[in-house]
Amino acid sequence: MAASAPHRTIDAVWRIESAKIVAGLARMTRDVGLAEELAQEALVAALEKWPASGVPDNPGAWLMAAAKNRALDHFRHAKLVDAKHQEIGREMEEGFTPDLDAALDDDIGDDLLRLIFTACHPVLSTEARAALTLKLLCGLATDEIARAFLVSEPTIAQRIVRAKRTLAEARVPFEVPRGADLAARLSSVLEVIYLVFNEGYSATAGDDWMRPALCDDALRLGRILAGLAPDEPEVHGLVALMEIQASRLHARTGPSGEPILLMDQDRARWDHLLVQRGLAALERAEKLGGALGAYTLQAAIAACHARAPTPADTDWKRIVALYDGLAQLMPSPIVELNRAVAVSMAYGPEEGLALVDAIAAEPVLRGYHLLPSVRADFLLKLGRLDEARGEFERAASLTRNTREIRLLLDRAAALHPGLRVVK
Amino acid sequence: MIVIPKGYEKAKPGAMPDAKIVAEMSKYNESLQKAGVLLSMEGLHPPSMGARVSFSGGKPRVIDGPFTEAKEVIGGFWIIQVKSKEEAVEWARRAPMPDGQLIEIRRVQEFEDFPEDVQKAASNEPALRERLAKQGKKG
């Protein structure tokens with residue numbers, strides 16, 4: 001979108017209003033794909049009119065009315081003769097003229113929640129869910145989503161078109177799942193939000209080590225969800241995890257953009273407002289009771305770091321215990337690898353190395369750069385420098401992130417026999 | 001981004017805002033929270049209950065409120081997380097402010113915004129903030 005002043009304002013309005021508009025339209029039309037298209041048409045109308053007429057006093061209502069008029073046109077003129085569409089058209093004509101604002105205020109929370117569950121429906125691939133969520137709920141344009149995932153714009157456009165078609169073909173109802181369904185569907189939603197966050201927090205490819213705007217989008221969505229589903233402990237757990245991780249965003253890179261690892265970060269540069277928000281969200285998750293879920297456990301681990309004024313103050317034994325819980329809940333070599341790091345900090349590098357070597361043959365970890373990188377750390381602490389250097393170099397060959405490659409090669413070079421690298 | 005409402009200069013000591021205004025404001029605050037943008041907020045008592053310490057000629061001078069010459073006095077603040085100044089402006093436009101008041105929007109300074117020499121001069125500041133945050137945890 002062009003960066004002229006009216007366009008920037010329209011961008012801002014869109015960011016605030018679009019999810020509500022799409023959600024409201026989806027309830028009226030019972031078709032998320034159509035709702036998104038109508039909302040886009042309203043945006044185009046705003047881009048045409050507002051630069052000349054100025055932004056209306058209530059831009060959200062303006063956009064909603066414009067989209068609704070297009071919906072009515074659609075149902076009137078599309079020669080849709082089947083009973084379902086006639087009924088929708090009639091309902092819209094009768095029900096939505098009087099007080100748009102009140103209607104929006106009352107139902108919008110439920111509609112938003114329905115939209116989140118629909119966009120993250122398990123009938124869609126994880127990639128499709130993430131793209132659709134960014135489009136429908138965060139108001140990102142296709143080119144922004146493409147940049148976020150480092151794929152081409154047509155690829156994302158295709159992905160979104162296909163996702164909308166899949167939802168229509170599967171006749172996914174626009175509703176919040178109930179009962180036994182809810183837990184599985186909620187975990188699908190949380191997975192998508194955390195995936196978006198992580199794509200921003202540790203970019204898997206490209207020149208940037210992070211893309212913080214994506215973290216903000218995920219965090220905002222998580223906070224919205226926490227407001228809509230306040231009784232779900234894992235929602236608060238995920239929000240806590242993201243707030244605490246986001247608090248480190250500024251401390252995670254050095255002046256020339258190089259990554260700084262958790263133990264080496266200047267903790268004074270953590271965002272302590274976000275830390276406090278994260279700890280408060282964690283408390284809410286814990287207070288809701290029941291066994292701690294996977295996100296809450298990870299948030300509790302992050303909180304151990306957040307509470308430690310210096311790395312030496314870290315309660316590693318508690319972190320090991322939390323990883324024990326996490327390993328039981330979702331057994332995975334990645335969790336084991338992290339647990340090994342905690343064990344080495346709590347009980348010594350030898351213990352950590354034994355754990356890592358026990359999982360080194362896991363197929364999931366083949367090609368995973370953090371395995372040799374963690375091993376290298378342990379070897380370094382044990383004074384086995386040649387082996388450590390080899391592992392750092394192996395780790396560097398396994399990641400695609402150029403910043404990370406640099407960090408790993410620097411660490412390897414620092415261990416070169418007879419050579420001291422001055423930084 | 002910090003959003004600061006002003007226009008509070010005439011409030012009498014102990015003056016409390018009207019229940020209707022508070023209800024509207026609460027609704028607005030809730031909308032900020034529901035949108036996932038509100039990080040923190042506070043409201044302030046009127047300046048007539050406060051004091052000012054002015055500095056001129058190298059000496060601090062204390063003046064108790066109310067202040068006759070006061071203009072555009074801060075009534076409180078919201079801290080919101082948004083992508084652009086325009087987005088902050090859009091949120092401010094939605095605030096239910098009484099006639100004659102105004103809202104000022106300012107970006108919160110980040111440590112990295114400073115040039116290197118200023119970063120050095122302020123090098124104890126982040127640590128200070130950290131201690132403050134820890135002490136203020138209960139709030």
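Two residues are in contact if their C-beta atoms, placed from the backbone, lie within 7 Å. With that in hand, the views below start with chain A. This is a predicted model, in which local features need pLDDT of at least 70 and side-chain atom pairs count only at pLDDT 80 or more, while totals for chains, interfaces and linings use all residues. Residues are numbered from 1 along each chain as its sequence is written, and chains are lettered from A and ligands numbered from 1 in the order in which they are written.

**View 1. Chain A, an overview of helices and contacts.** Chain A comes out with 19 helices and 0 strands (DSSP runs numbered from the N terminus, helices being H or I with at least four residues and strands E with at least two). Take its contacts with a separation of 6 or more: 61% of them join residues 24 or more positions apart. Of the 423 residues in this chain, 43% are buried. Buried here is 20 or more other C-beta atoms within 10 Å of a residue's own, exposed is 12 or fewer, and partly exposed is in between, with C-beta atoms placed from the backbone.

**View 2. The largest nonpolar core and Ala67(A).** A nonpolar core is a set of buried Ala, Val, Leu, Ile, Met, Phe, Trp, Tyr and Cys residues joined through C-beta atoms within 7 Å. This one has 127 residues, and those touching the most other members are Val22(A), Leu25(A), Ala67(A), Leu115(A), Ile193(A) and Ala299(A). Helix H1 (residues 5-29) of chain A gives the largest share, 12 residues. Zoom in on Ala67(A): beyond its neighbours within four places in sequence, its contacts include Ile21(A), Leu25(A) and Leu38(A).

**View 3. Helix H11(A), residues 233-246.** Of the 14 residues in H11(A), 14 are buried. Its end C-alpha atoms sit 20 Å apart, which agrees with the 20 Å that 14 residues should span at 1.5 Å a residue (the expected span is 1.5 Å times one less than the number of residues).

**View 4. Two loop arginines with positive phi.** Arg30(A) lies in the loop between H1 and helix H2 (32-53) of chain A, and its phi is near 55°. It counts as partly exposed because it has 15 C-beta neighbours inside 10 Å. Arg171(A), in the loop between helix H8 (153-169) and helix H9 (180-201) of chain A, has a phi of about 50° without being a glycine. With 7 other C-beta atoms within 10 Å, Arg171(A) is exposed.

**View 5. Where chain A meets chain B.** Here 23 residues of chain A are in contact with 22 residues of chain B. On the chain A side, H1, helix H10 (212-228) and helix H12 (272-287) each supply at least two residues.

View 6. The 4 strands run in the order E2-E5-E1-E6 (chain B), with antiparallel pairing (strands pair if DSSP finds at least two bridges between them). Strand E2 (38-43) and strand E6 (102-106) of chain B are the edges, each pairing on one side only. From one strand to the next, the twist averages 15°. E2(B) and strand E5 (residues 76-80) of chain B are joined by 5 bridges, and Leu38(B) is opposite Ile80(B). Helix H1 (residues 19-34) of chain B packs on the sheet, touching E2 and E5, at about 160° to E2(B). Axes are lines fitted to C-alpha atoms, for helices over the stretch in contact, and angles run from 0 to 180 degrees between N-to-C directions.
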